Amino acid sequence: MADEQSAPPVVVAMKGHPGSGKSTAARAIAAALRCPLLDKDDVRDCTLALEAVAASGVLNELSYAVLWCVAEKQVQLGLSVVIDSPLSRRVHLDALTRIPGALVVIVECHPSDKEEWRRRLEKRGAADSHGGGSDGWHKPKTWAELERLVEGYQGCTDYEIGDVPRIVVDTTDPTVDAEAIAAKLSVLVSRSIGESFLPEIEALSLQAYDVDSATAIIQDGSVSLKVDTQNLRDISFRTNSAYQFIGELLIHADNEAILQARIGRNVDGLDLNLYQQSLLIRRQHEAKLRNSRRA
C-alpha cells in the first residue's frame with residue numbers, strides 16, 4: 001500500500017466517558033487493524049495497593065504516564081497502536097501528539113441513546129461489583145456516579161483538538177461496527193498523509209470483477225474496497241480467491257475510496273501467519289534504521 005517506509009505509525013486515540021463503548025470499539029479496531037491495544041485501565045487496576053499511600057489523582061496521572069511511555073515504544077518499533085483511555089483533558093492529547101514520528105487520530109465515542117448507555121454502564125458496574133476482583137474498582141458503577149464524575153470534569157473534556165484528525169462514533173447505533181470504523185480510519189488517515197492505511201498488504205478475498213472497467217471488489221469481513229486494476233498485466237481474477245494489491249488510495253468527492261493498484265498478485269495458498277511474521281520483522285528493522293538516523 002503506497003510507500004510503507006514513508007507512512008508513519010498511527011496512534012488511534014479513543015476518547016469518551018466511561019461506559020460509552022470505548023473499550024469494545026478499541027478491541028475491535030485493534031483486531032481489525034492488527035496492531036497493539038493499550039488500555040489505561042489495565043495500568044490503573046494495578047495501583048490498588050498504592051491507594052493507601054498516594055492520592056487517587058496522582059495514581060491516575062501515573063497510569064497515563066506509563067501508557068504514553070509504552071505507546072512511544074511501540075511507535076519506535078514502527079508499529080501503529082490503539083490507546084483506550086477517556087482522553088478527558090487536553091494535556092493527555094498533547095502527550096500523544098508529542099510522540100516523535102506518529103500520526104494521532106482520535107476516535108471519539110458519543111452514544112446518542114442515553115438509556116442504552118445507562119443500561120450498559122450499570123450492567124458492567126453490577127458485574128464488577130459481583131466479580132470480587134480488583135479490575136474496574138475505580139470505574140463508576142451507576143449512572144449517578146457517572147454524572148458526578150462528568151460534573152467534576154467541569155467541561156474540560158470538551159477541548160479544542162486543533163488539526164488532529166477525528167472520527168465521532170455513535171456506539172449505540174447497531175449499524176456501526178469495527179470494520180466500518182476501520183474503513184473510516186483508512187479514509188481519514190489517507191487524507192492526512194496522502195497514503196493508504198489499510199492493514200499492511202493484506203490478502204483479501206475477491207468478491208466481484210468487472211471486465212469492462214477493470215474494477216475489482218475485495219472484501220475483509222463487512223468492509224469492501226474497489227480496486228482499479230487497469231495498470232496490472234498478466235494477472236487473472238477469480239472470485240473467492242485471495243489477492244494482494246499495492247497502490248494509491250484515492251478519495252473521491254463523495255467520500256468513496258478506490259485503490260489505484262500498481263502491483264497485484266494472487267496469493268491462494270500463501271502461509272499468512274508466516275507472512276505476518278516477516279512483515280513484523282521488516283517493520284522492526286525499518287524502525288531501527290529510522291531511530292539510528294535520528295541519533
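Student: Leaving aside neighbours within four places in sequence, with which residues is Leu 270 in contact?

Tutor: Contact means heavy atoms within 4.5 Å. By that rule, Leu 270 touches Gln 244, Arg 265 and Tyr 275, its neighbours within four places in sequence being left aside. This is a predicted model, in which local features need pLDDT of at least 70, side-chain atom pairs count only at pLDDT 80 or more, and totals for chains, interfaces and linings use all residues. Residues are numbered from 1 along each chain as its sequence is written, and side-chain values use heavy atoms, with hydrogens and water left out.

Student: Is Leu 270 buried, exposed or partly exposed?

Tutor: Buried means under 20% relative accessible area, exposed over 50%, and partly exposed in between (1.4 Å probe, protein chains only). Leu 270 counts as partly exposed because its relative accessibility is 31%.

Student: How is a pair of aromatic rings described?

Tutor: The description uses the distance of the centres and the angle of the planes. Rings of Phe, Tyr and Trp (its six-membered ring) pair if their centres lie within 6.5 Å; planes under 30 degrees apart count as stacked, over 60 as edge-to-face and the rest as tilted. The count here comes to 6 aromatic pairs. Phe 237 and Phe 245 are stacked, because their ring centres are 6.4 Å apart and their planes stand at 20 degrees. Both Phe 237 and Phe 245 are buried.

Student: Which residues form one aromatic cluster with Phe 237 and Phe 245?

Tutor: Tyr 209 and Tyr 243 form one aromatic cluster with Phe 237 and Phe 245.
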